[in-house]
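Visitor: I'd like to look at the aromatic rings in this one. Could you walk me through them?

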Amino acid sequence: MNQKAYQYVKGHCGWDSVTLLYGQEIPAGEEHRIAHTLFEPPCSGGVEIGFMYPAEGDENIRLRIIDSTTRTWLPMCGGMSQVIGLAAFTTSMRDKFKIEKRLPSTLINVQTDSGLVPIEVEFGGDGISRVTTHMADYARFLYQDGVEAVTVRGIPAMKVGYFLIFKMDDLNQAYPDVEFGHRRPGPHMELLGAIQQEYLRERHINASALYSMIYDLHPEDGGDARIFTRFFKGKGVPQPTPLEAQCGTGTIAVGIAMAEKDELHFQGKRGQVVFEWGSRRLTQDPYGARKSFLDMELGQGRITWAGFGHNVVELQTVGTVYLPSFEHKLF
């Protein structure tokens, strides 16, 4: 079988595992086929596949992303941006995109389908001390898609762009005997899937997948809030991730929902929320309590700037993947 070689970087941000490819190596029009091949065993390329292209303007990198939930283009991925920030100074990515290192911090401008996303990489000691993804354009993108209060099965929620945001207390009030914080399969997941599908039907949204987040204000380890990712692909089938995977774009959506409900504490125009991912009591994590920070600026009742970062960002593998050349239709 004819094969072609592609250079890649694979990493994860709080169990949101992603694979990055260099767009110039990808045959035109084959992005979806390559991404779908990487999603499945034996490749297991992660939750999102990113294609990085040379700059066309003032940016450093043009980035397009294909998502495993919808199997099509995704406007932005916060976890992928964090991996790019780490990989830019620990792999050949820096040379490929001619990124100049500046101390004490370097800004990498990435153009996405949701707008410009500057990634700030701070250095300390012998390495990278922090990566912050600036998501002002992405916040505007969500507001443009619409932010409004909705009700599903009598449960209040917030529609934030293409996200559906629930507060755990509201779910518990409607279903007091159901533990929605578990990641493992069970009736609670089936119920969440049914609720999400009902939302799609009621609003005449022709999609088989929905991005949904749950949050509460009951932290267990010194944070400000807890956050739970609940993405379902197909008809009520959750993504098979045993650990509570983070979602950077979902974090922005939850921040917007909290701002709409006056649940954020600002000092003047600036504020920060430290999110704990999942429940330590329900989902054991080898890193303990994983946390994200969300820095924000508020203007006229809206979040006008947001910076996101996570405390667990790691590279997994860097190398070459060999895939069918696709000269002949295989499936």
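Here is a short chat about ring pairs and charges over rings.

Visitor: How many aromatic pairs does a search of the whole structure find?
Guide: Keep in mind that this is a predicted model. Searching the whole structure for aromatic pairs gives a total of eleven.

Visitor: What kind of aromatic pair do W15 and Y287 form?
Guide: Their centres are 5.5 Å apart, with 50° between the planes. Planes under 30 degrees apart would count as stacked and over 60 as edge-to-face. That makes the W15 and Y287 pair tilted.

Visitor: How many residues apart are W15 and Y287?
Guide: W15 is in the loop between strand 1 (3-13) and strand 2 (16-22). Y287 is in the loop between strand 17 (270-277) and strand 18 (291-299). So the pair links distant parts of the chain, W15 at 22% relative accessibility counting as partly exposed, and the separation is 272 residues.

Visitor: Why is the pair of F51 and W73 edge-to-face?
Guide: The ring centres are 6.4 Å apart, and the planes sit at 70°. Over 60 degrees is the cut-off here, so the F51 and W73 pair counts as edge-to-face.

Visitor: Is F51 buried or exposed?
Guide: The cut-off for buried is under 20% relative accessible area. F51 has 0% relative accessibility, so F51 counts as buried.

Visitor: Which residue lies over the face of F293?
Guide: Over the face of F123, at 4.4 Å from the ring centre, lies K101. For F293 the distance from the ring centre is 3.7 Å, and the residue is R130.

Definitions and conventions: Residues numbered from 1 in each chain as written. Predicted model: local features only at pLDDT ≥ 70, side-chain atom pairs only at ≥ 80, totals over all residues. Heavy atoms only, no water. Phe/Tyr/Trp six-rings, centres within 6.5 Å; stacked < 30°, edge-to-face > 60°. Helix = DSSP H or I, 4+ residues; strand = E, 2+ residues; numbered from the N terminus. Buried < 20%, exposed > 50% of the residue type's maximum accessible area, 1.4 Å probe, protein only. Lys NZ or Arg CZ within 6 Å of the ring centre and 35° of its normal.
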